[in-house]
Amino acid sequence: MLFPFSIDAVRKLSSVIDALLTAWSLVRMSALHSILNEKAEVEFAEKLLSAHRVLSELLSLLGLSQRENELGNVVSELDPNETLVLVVSSSLMRRLVGNGVPREKVISIGGPLSVEDARALNPNISEESMRSIESRLKTFWRELERKIKGVRTVILILERGGKVDELIAKRAGMISERFGVDVKVVYLTNLDSCVEVLPSFFRGS
Amino acid sequence: MPLEPERLLKYRNLTRSTEVEMINLHPIQSGGRAGNYPEVVKAVLNFIDGYSTCDYCIKGRLDEIETPPLCDFHADLAEFIEMDEVRLLPGCRQAQFAAFHSLASPGDYVVIDSLAHYSTYLAAERAGLKIVEVPNTGFPYFEMPPELYAEKIEEVKRATKKPPALVFLTHVDYSYGNLADAEVIAKISHEYDVPFMLNCAYTLGRMPVSGRKLGADVMVASLHKSFASPAPSGVLAANEEYADKIFRKSMVKGDWSGRAFPNKEVELLGCTLPGCVAVGVMAAFPYVVERVERWNEEVEKARYFSSQLTRIEGVIQLGQSPHNHDLLHFESSSFFEVARAHSRKGFFLYDELKSRGITGVQPGLSRSWKLSTYGQCWENVRKAAQAFLEIAEKYNIPIS
């Protein structure tokens, strides 16, 4: 997908960099005692605030502020007791659980949602690997069946631009058809943001 | 030959945190710290592409480009140092060579101070010149006695039946940070009608320097050493009498094509310093104009630092005393004694300083080391001096 970047956006980005570089130079000048004189302090604060303001404008101009807030917007309308989260990697699941998301509220898919997709990703995949994928899928569907009781919405968290993530997105309909739930696909540029949003969402449950 | 990507990994994420995490006293780095000046950082980034200065190069010469204002900058820099013509070069050594090469012929003699940088010797050698050194006074002051210049000029005259092609002086030398009496040596040089060349690598950009006042016919300097500029950058300046010769225009003509480059300057091989380095130097200029006015305070800091370190038994400061420059050279029999018994040998001093947030003393040195307090705030100067005192105390070296 092509990402449009206007001259105005380039200028805003340059302005943010200029402001941050000035702030960086001022900090360098004060190393190591880390105390700015009055004049430098005023300039330092101005530059940081300017960078913050112009960066916000830039994110908004590029539609990125909305994108980063997407997960927050989605969960704000949901009841945590009726919500289940699906992520791709088990490490992300562990991070979510480690940060307070109840284990019963999150499942990692671990890879493509069908053996066909796994083969499409790697046409030379061995039979042994295929058997292991089939086994993983069986475990996933079993776990989903167990945890989805009472759930009305499944949030499928995917990484923007990820190959496996794209394939999973195409199969999201399998989940809604099989369990009669609403599946909301949320793409994130940075998966860290879900570690920030979801624990507090579930703490409210 | 394609290279494996893994082999190239080490060239990624190249970073340096010395200037933000340590008090850096490295004598060759203190005056060229460009990152402390926001306009320099921004200018370098904006002109980071190779030939970025050449968008509006109409006349084909760096010093004649009007946008960015390189043409004005050359004129302003000349006025600032009170010389008639200046050109940017990739370094002081290239400037020395260009001057030697244009003002002397192979086999000619040049009289130089015995504290000159090694690149002065090499520049003369490359130009095919013979050198005659003016001795210094030796331990512990290592000063250049001006009257010995006259003796050496006479010596050359006796041997060759003509005066030397050039008299050369290092304004402040890189070993002891001694400020030489350029004015008197220039006068001696002019009495013999010999052009006087002054190397201001450690002065131009740190302290007020006037070519006119010092009597320099030719001035060279390292801008990445003392002008808060990125490397490689230097300057070659000349007064009218010698400028035509040094900055002579090309007269070559292709015998088949008839191609000629009459606006290009031969010694500079055309353009010298395109892109972010030239613009970085230019962006540093306003800061330099301002900071040279604070030179007396820089000398005060160096003298304070010296007074603290020489409280440590066995530590002496070499060179002029009281000192007239931020470059300081210390000799220490006491730290050397500690090093001999220490498992890390001479590296103990570097380790101890590093653990106290101080860097710049060459790793492995304990008997004699150089450092510079230039550009450090008083708090850092005191902290650095205190670090040496603490190390002395730790190893039971008496402090007065």
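**Chain A, then chain B**

Guide: Of the 205 residues of chain A, 21% count as buried, where a buried residue has 20 or more other C-beta atoms within 10 Å of its own, an exposed one has 12 or fewer, a partly exposed one lies in between, and C-beta atoms are placed from the backbone. This is a predicted model, in which local features need pLDDT of at least 70 and side-chain atom pairs count only at pLDDT 80 or more, while totals for chains, interfaces and linings use all residues. Residues are numbered from 1 along each chain as its sequence is written, and chains are lettered from A and ligands numbered from 1 in the order in which they are written.

Visitor: Which domains does chain A have?
Guide: Chain A is divided into domain 1 (7-62) and domain 2 (68-203), with bounds that come from an automatic or database domain assignment. The centres of these two domains of chain A, taken over C-alpha atoms, are 38 Å apart.

Visitor: What about the domains of chain B?
Guide: In chain B the assignment gives domain 1 (5-33 + 294-394) and domain 2 (38-292), and their centres, again over C-alpha atoms, are separated by 29 Å. Between them, 19 residues of domain 1 of chain B are in contact with 23 residues of domain 2 of chain B, contact meaning that the C-beta atoms, placed from the backbone, lie within 7 Å. On the domain 1 side, α13, β9 and β10 of chain B give two or more residues each, and β10(B) has the largest share, with three residues.

Visitor: Changing topic, what is the order of the strands in the open sheet in chain B?
Guide: The order is β9-β10-β12 (chain B), with antiparallel pairing, where two strands pair if DSSP finds at least two bridges between them. β9 (315-318) and β12 (368-372) of chain B stand at the edges with a single partner strand each, so one side of each has no neighbour in the sheet. Strand β10 (residues 327-332) of chain B pairs with β12(B) over five bridges, and E331(B) stands opposite S368(B) in β12(B).

Visitor: Last one: how many residues of chain B are in contact with chain A?
Guide: 15 residues of chain B are in contact with 11 residues of chain A. On the chain B side, α2 (18-21), α3 (38-46) and α16 (378-394) each supply at least two residues, and α3(B) gives the most, with four residues.

Methods
Two residues are in contact if their C-beta atoms, placed from the backbone, lie within 7 Å.
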